[in-house]
Amino acid sequence: MARKLPSKNVVVIGLGWTGSILSYHLAKAGLDVVAIERGPWRDTATDFPPAYAQDELRYAIRLDLFLRPAQETLTFRNRADQTALPIRNFAGFLPGNGVGGAGIHWNGQTWRFLSTDFRLRSHLTERYGASMLPGDMTIQDWPVSYDELEPYYDRFEKLCGTSGKAGNLKGVKQDGGNPFEGWRSSEYPTPPLKQGLGATLFAEAARKLGHSPFPQPASNLSEAYTNPLGIRMGQCSYCGFCERFGCGNYSKASPQTCVLPALMRLPNFTAQTESEVLRINLDSTGKRATGVTYVDTSGEEWEQPADIVLLCAFALFNVQLMLISGIGKPYDPDSGQGVLGRNYAYQTTSSVSVILKDKVLNPFIATGAHGMMIDDYNGDNFDHSNLGFVGGGYMGAGQTNGRPIQTRPVPKGTPKWGAAWKKATAETYQHAYSLSTHGSSYSYRDCWLDLDPTYKDRLGRPLMRMTFDFHDNELKMSAYLTERLAEIAKAMNPTEMQAHPRKGPYDSTIYQTTHNTGGTVMGDDPQTSVLNRYCQSWDVHNLFIPGGASVFPQNHGYNPTNTVGALAFWTADAITQLYLKNPGPLV
Amino acid sequence: MYRSLALTVLSFAFITCAHAQGATQDFSRIERGRYLTTLSDCAGCHTAPGGKPFAGGVALQTPFGTLIAPNITPDTETGIGNWSDDEFVSALQEGRGRNGTRLYPAMPYTAYTKMTRDDILAIRAYLTTVTPVNHKVNANQLPFPFNIRLAMMVWNWLNFTPGRFVPDPHQSDEWNRGAYLVQGPGHCGTCHTPKTILNADKNDAPLAGATLQGWFAPNITANRYQGVGRWSKDDLIQYLKTGANNATLASGPMVEAVTHSTSRMKDADVAAIATYLLGIDQGGINKPAPLAADNPSMKAGAAIYKDACAPCHQDNGRGSAELFPRLAGSAIVQSDDPTTLGRIVLEGSRAVATSSAPTAPAMPAFDWRLDSDQVAAVLTYIRNSWGNAAPAVTGAAIAKQRTTLAHSR
């Protein structure tokens, strides 16, 4: 029997990006806030000191910062006619664990979605006709527009101090930036990062072929910066230990470097770490959340009553907690009815590797969001009329690292081990470069999340089951994008080149990205969404999922974090400006 | 007129009361006392971390042994509730507490003696309003013979001159206010003034830097080499108000002084302190010639610096404002005594967090990664690069410090 704690105004489940942003704004608004986080407390000073933060074996191979499958995992299958099995080693994607969540171990790529992405189905239907879309594709318009979200993208970028070059300032095109991006109300908070030789050569080749390369927007800062919360960040040292690592130089944006120092000073905020929320509790009507029940490390259960519940866990676990708590109608792929778990999507990535024998590329001078990119083949920036697919992605030369264990490029035909392999890695390291595409993943009727009928977690709750595979539309898209990228790669005059378009089926044992989206989709219609346009549950008005990637109706050709952060600010405003004045359904 | 009449009436009421508590309903006096308590940083020693306010408990490591700051809440049994006003004033001005008990100068009565009776009684008035806490503190934990309080009679006779602050009519009001705050309630010299063998202030070199509790509190005079003379008045104000400025961040024992005291001072008082400190220059500190770059220790230090330090402190030693201290031109880096430098490299350090500078960045510990000779080499390098100059640090000194720090953990 859970022991009941004194009631709070707000309980926040998970203290990552969205949890920390919401906690800060609601505590600043005077509310009494408690955040419950299943992982440990983590802080730059004590957990990522630069004296040992760059430990590839500990963090990148042994995955020190990540969720352990024994703690929580999910089952996976490609198709409904298969039996899903538990993921016993996270590999294809890596959910975070602990305070800061995925905001600690991300690379820092800080993209906005395109204006047309926000009205995807309407836009594609208008331009190409409904017959262009596969019958089982379940993409839908977002319930917010780019114009509405722009000020919130701006706020998240200013929180992070994002480095970049605007391509569109209030509708006026800017040289050197992304000409395809939506309008921006202001320039990036800090100027672009310096580029390495590989990215510079790519940009020259892309320009020669008529494309418009620009520096990738990066929350690994090009110069020191003080954010609106008064927190100071440092200049990136290009050490190349971003993804999978905490940043000890205070230069990669994270809840630790951007929010927590100010949040933890607020006397009306408490963080309860190493405590896992078991379920969201509802009152007898099922229309109102009364708080949460969580279990601490000693196994003791606690009930934390609250007026408002904010579900801020990683996308996949937002869906699981909603399913376990029985909030919203689970999705049934056979009938197409129900919403919870619907429209799970991912990301369709591919690469082209090149060897430039006569160039010394120093790949270790790198940062997570380094690089020069083109956006010519993203979203609907190019004519899809005769291509047989929709969607796209950005592509380019982004050197995230040159770490010694995992960066071992070799020419084609090199043995996989032994003296010849050693010789080849030594000879190739300084001359190899990987170009990549970051493609969209649209949603489909047969890609969804539900509770596994067989397997349970350590707390006796059903594991979540993922059913997902790449569809022809995405594989065609990836083939097309990879061909375009290979054309540019060829213009770099490589000694050797290999193109790796994405091939099916989806393999959860090979790392691709941790951009798991959908399952608690936001929308204008309760028949096809779990949340309304304010990320508020249609069924339980005092429950919000403020912008985790589980609210995306489908995934676009960009990294999700900037949109996640923007939606967190958007929801914070909705709660403080609308909901607190008149608690109830906002739509 | 009305005001002075009111004051007279209040003073009268004060005198006629049997105990000090009688006059404590005067809001402005209590408020002034609260602020003077902040200026004097009473909480720094008398409030234990996580403990009840002013209930005592902070251990002070002196060269002679440990003293625990006592309970100064108005509890009559374990605090100072039974003290008379005269006893309270005597404790601060003369170093003699209830019934004439002699205090140890870890209680900075050598500074508080500069304070006016009126200011001290305002503090007293404020302290009578805090929650009484029944918490017995065994203050005197010194070994024999230092535990004999009567010994302080001799110490005081040798080292202590009671007396109020006397303004200098040739200086501005602001300078005089600063002088009063620094010499009196702020008791800056308690840490920053060099000490004699008897641990008394060396009066010929006030605020020129001193070693205590395993830290070197740097020179805070306007000396451009080892002091804060390169800082503007605004730099110094920003440091005291926020704990961080373009050159450095407060860490070590100064964290507590910034947290409890300087960050809560009125702007005018911080400005006065800056004016006074930037007006002190004893001179007489000669900057030596730097060690040659081809000195073996310098070469080793340069390589270690590039590998371990440069990502934050930069190749040019300039650091990053309000985040990573600037080593070039730093007083701590060039101090004769490298105690603080060695300690920060060995065990790391965390800067203070204040509401206007909440970041609190940290220096990581390198004791596990660099041996004593390597630490000495990198310190020698930063003490003799970018225009810095200071004597080399020896591996033996770092090895000794390593042992001392290990024992103090």
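Biologist: What should I know about the model before reading it?

Modeller: The model is predicted, so local features need pLDDT of at least 70 and side-chain atom pairs count only at pLDDT 80 or more, while totals for chains, interfaces and linings use all residues. Residues are numbered from 1 along each chain as its sequence is written, and chains are lettered from A and ligands numbered from 1 in the order in which they are written.

Biologist: How many helices and strands does chain A have?

Modeller: Helices (H or I, at least four residues) and strands (E, at least two) are DSSP runs, numbered from the N terminus. Chain A has 13 helices and 24 strands, and chain B has 17 helices and 7 strands.

Biologist: Why is chain A called as compact as a globular protein of its length?

Modeller: The radius of gyration is taken over C-alpha atoms, and the globule rule is 2.2 Å times the number of residues to the power 0.38. Chain A comes out at 23 Å, close to the 25 Å that the rule gives for 587 residues, so it is as compact as a globular protein of that length. Its C-alpha trace spans about 70 × 55 × 50 Å along the principal axes. For the 409 residues of chain B, a compact globule would have a radius near 22 Å, and the value of 23 Å agrees. The C-alpha trace of chain B spans about 75 × 50 × 40 Å along its principal axes.

Biologist: What share of chain A counts as buried?

Modeller: A residue is buried if 20 or more other C-beta atoms lie within 10 Å of its own, exposed if 12 or fewer, and partly exposed in between, with C-beta atoms placed from the backbone. By that count 56% of the 587 residues of chain A are buried, and 47% of the 409 residues of chain B.

Biologist: Which residues of helix H7 of chain A are buried?

Modeller: An α-helix has 3.6 residues a turn, so residues three or four places apart point the same way. In H7(A) the buried residues are Gly198(A), Ala199(A), Leu201(A), Phe202(A), Ala203(A), Ala205(A) and Ala206(A). Their cover includes strands E17 (372-374), E18 (393-397) and E19 (432-439) and helix H12 (472-491) of chain A. Just after the helix, Gly210(A) takes a positive phi of about 90°.

Biologist: In what order do the strands of the sheet with E5 and E20 of chain A run?

Modeller: Strands of a sheet pair through backbone hydrogen bonds, either parallel or antiparallel. Two strands pair here if DSSP finds at least two bridges between them. In chain A, 4 strands form an open sheet in the order E5-E4-E21-E20, with mixed pairing. Its edge strands, E5 (85-86) and E20 (448-456) of chain A, each pair on one side only. Strand E4 (74-77) of chain A joins E5(A) in the antiparallel sense over 2 bridges, and Thr75(A) stands opposite Pro86(A). Chain B has an open sheet of 3 strands, ordered E1-E2-E3, with antiparallel pairing.

Biologist: Into which domains is chain B divided?

Modeller: Domain bounds come from an automatic or database domain assignment. They give domain 1 (14-159), domain 2 (173-277) and domain 3 (296-408) of chain B. The C-alpha centres of domains 2 and 3 of chain B lie 21 Å apart.

Biologist: How many residues are in contact between those two domains?

Modeller: Two residues are in contact if their C-beta atoms, placed from the backbone, lie within 7 Å. Here 28 residues of domain 2 of chain B are in contact with 24 residues of domain 3 of chain B. On the domain 2 side, strand E5 (215-217), helix H10 (233-242) and helix H11 (254-260) of chain B each give two or more residues. H11(B) gives the most, with 3 residues. By class (Ala, Val, Leu, Ile, Met, Phe, Trp, Tyr, Cys and Pro nonpolar; Asp, Glu, Lys and Arg charged; the others, Gly among them, polar), that side has 11 nonpolar, 15 polar and 2 charged residues.

Biologist: Where is Ala271(B) placed?

Modeller: Ala271(B) is in helix H12 (267-277) of chain B. With 20 C-beta neighbours inside 10 Å, Ala271(B) counts as buried. Leaving aside neighbours within four places in sequence, Ala271(B) is in contact with Glu174(B) and Ile237(B).
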